[in-house]
Amino acid sequence: MTLATVPQYDSEQLSDREGHAVVVGAGIAGLVAARVLADAFDTVTVLDRDPLPDEPVVRPGVPQARQIHILWEAGRATLEELFPGYSEALRTAGGVVIDGRRDFYMYSHGDFLAAGSAPFPLYAATRPLYEQVLRRHVSELSGVRLRGNCPFLEYLADDGATSVNGVVVRDDDSEQELAADLVVDATGRTSRTPNWLEKYGYAPPAIDEVHVDLAYSASRIERPADDHRTIGVLAEAPRTRGGAVVPVEDDRWLVNLHGLHGDHPPTDVEESKDFAASLPTPIVKALLDERPRVSEEIAVYPFPSNRRYRYEDLERFPDGLVVVGDAIASFNPIYGQGMSVAALEALLLHHTLATDDRAQVGLRFFDRAADVVEPAWMLATGADFSFPQTDGDRPRGTAFFNWYLDRLLRKAHTDSVLTDAFTRVLSMQQSPTSLLRPGVMWRVLRPSRKDEQSSRREPPHSHVTSHIEDDEMRSSPREGNNSDATGGS
């Protein structure tokens with residue numbers, strides 16, 4: 001499932017609210033889960049071990065918070081459904097609205113992809129700002145309480161551990177039990193649920209793991225206020241190095257450098273420039289050379305592997321417990337899918353709760369969530385398996401899909417329709433299988449023409465754009481760049 005196929009949020013589906021729900025983890029996945037729980041329960045408590053201030057600050061429990069995050073259209077449209085006004089609130093707080101057609105440059109297979117056929121919005125900000133705006137919206141919901149500085153210790157369960165009925169937390173140096181009718185584990189890759197299941201006699205979920213030995217870094221440089229260039233030069237086999245440039249609040253660019261399979265970016269400023277100089281386009285190095293640095297700090301974050309817990313395959317799971325977000329699956333972060341997956345999962349949790357039967361919410365939700373995880377997993381791990389060094393559980397059909405996607409991206413250097421089709425997949429509006437539609441396949445597989453070379457896009461090396469308030473860029477939920485790409489010649 002992607003934005004095109006996940007049923008929309010419908011507040012009328014849940015007419016009765018009763019009971020208490022607890023969300024463990026106040027990141028993106030936990031906050032959007034709290035939103036849908038607020039429709040089903042009288043009270044919702046969101047717990048986190050970190051403080052939860054009303055400022056956009058980096059939290060210790062989010063080690064990737066200093067890195068680049070971009071809100072793809074699937075995530076933006078879903079957040080707008082769940083929190084009307086979120087997109088505008090993010091912009092008002094300093095987030096940058098990018099014209100994806102004009103300002104987004106994706107380098108792949110030797111050149112930049114052609115500009116898309118129509119304007120479409122991308123929303124960019126720092127991770128702390130995304131979270132702060134979301135926390136404000138959640139804190140305004142009736143019956144929802146955010147509790148920071150409140151570490152989770154253990155689940156409460158009945159004698160046979162057939163159901164989870166609360167949590168144990170540490171609050172002011174003492175332990176406290178919180179009873180709950182439903183507990184949501186949104187603790188990310190540090191989730192303790194698999195170990196808890198095994199401890200209490202359940203079969204833990206099987207794990208699919210794809211090892212990439214990735215590390216990525218972020219530097220902050222000054223940006224002209226009207227320059228919204230957004231550049232992606234992702235690592236592509238056999239090139240293990242990549243980079244990206246994303247505009248964020250306070251007239252800054254975040255500059256990403258990343259390297260797979262041990263080819264990690266340095267933390268020294270001059271050495272990082274040398275690393276950027278090795279990329280196949282000069283723009284990243286040029287910006288690091290030309291623009292003043294906000295700080296000498298280079299934040300580095302390691303990511304050893306994609307990881308997916310197959311909760312959907314379990315036959316037994318305790319009542320009263322659900323797992324969401326990175327605690328189910330975490331993907332190579334250079335593709336930016338995590339926030340969109342979390343938002344779409346929240347919609348599926350909403351629809352799972354919109355039934356008269358609250359029994360086995362977890363198992364019923366996992367069946368649905370697997371359909372959201374699958375396309376993101378297919379895209380991220382498929383790309384990772386283009387490197388021969390990648391080790392792990394290879395999805396079926398990876399070799400063919402990588403061959404086909406390589407050809408599509410090369411053709412997209414001069415074909416805006418193919419750029420549109422790929423962008424909709426990257427932004428999780430449509431499934432990777434949409435690239436196999438007849439109209440797209442014809443454009444991918446047809447022989448190249450000599451006149452196509454003249455339509456190549458001008459690179460962004462010396463191009464400065466100006467920000468234009470354009471009605472076409474103000475999209476409401478699910479009205480972004482979501483048209484079908486089935487064009488002819």
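This is a predicted model: local features need pLDDT of at least 70, side-chain atom pairs count only at pLDDT 80 or more; totals for chains, interfaces and linings use all residues.
Me: Which residue forms a salt bridge with E296?

Reply: A salt bridge here is a side-chain nitrogen of Lys or Arg within 4 Å of a carboxyl oxygen of Asp or Glu. For E296 the partner is R293, with the closest N and O atoms 4.0 Å apart. R293 counts as buried, at 16% relative accessibility.

Me: How many salt bridges does the structure hold?

Reply: There are 29 salt bridges in the structure. Some residues join up: D48, D50, R59, R127, E131 and R135 are linked in a network of salt bridges.

Me: What about E88, which residue does E88 pair with?

Reply: E88 bridges to R91, and their closest N and O atoms are 2.4 Å apart. Both sit in helix α3 (residues 86-92), three residues apart, so about one helical turn separates them. Helices (H or I, at least four residues) and strands (E, at least two) are DSSP runs, numbered from the N terminus. E88 is partly exposed at 33% relative accessibility, and R91 is also partly exposed, at 29%.

Me: Where do R223 and D251 lie?

Reply: R223 and D251 form a salt bridge, with the closest N and O atoms 4.0 Å apart. This pair links distant parts of the chain: R223 is in the loop between β13 (207-222) and β14 (230-233), while D251 is in the loop between β15 (241-248) and β16 (252-259), 28 residues away. R223 is buried, at 6% relative accessibility, whereas D251 is partly exposed at 36%.

Me: On to helix pairs. At what angle do α9 and α10 cross?

Reply: Two packed helices are described by the angle between their axes and the distance between the axes. Axes are lines fitted to C-alpha atoms, for helices over the stretch in contact, and angles run from 0 to 180 degrees between N-to-C directions. Helix α9 (residues 338-353) and helix α10 (residues 361-384) cross at roughly 150 degrees, and their axes come within 9 Å. They are therefore roughly antiparallel to each other (over 145 degrees; under 35 is roughly parallel, 65 to 115 roughly perpendicular and the rest oblique).

Me: Which residues of α9 and α10 meet?

Reply: With contact meaning heavy atoms within 4.5 Å, V341, L344, E345, L348, L349, H351, T352 and L353 in α9 meet V361, R364, F365, R368, A369, V372, V373 and A376 in α10. The residues of this contact split into eleven nonpolar, two polar and three charged. Ala, Val, Leu, Ile, Met, Phe, Trp, Tyr, Cys and Pro count as nonpolar, Asp, Glu, Lys and Arg as charged, and the others, Gly among them, as polar.

Me: And how do α7 and α8 pack?

Reply: Helix α7 (residues 269-277) and helix α8 (residues 283-290) pack at about 155 degrees, with their axes 7 Å apart. They are therefore roughly antiparallel to each other. S272, K273, A276 and A277 in α7 meet V284, K285, L288 and D289 in α8. That contact has four nonpolar, one polar and three charged residues.

Note on methods. Residues are numbered from 1 along each chain as its sequence is written. Side-chain values use heavy atoms; hydrogens and water are left out. Buried means under 20% relative accessible area, exposed over 50%, partly exposed in between (1.4 Å probe, protein chains only).
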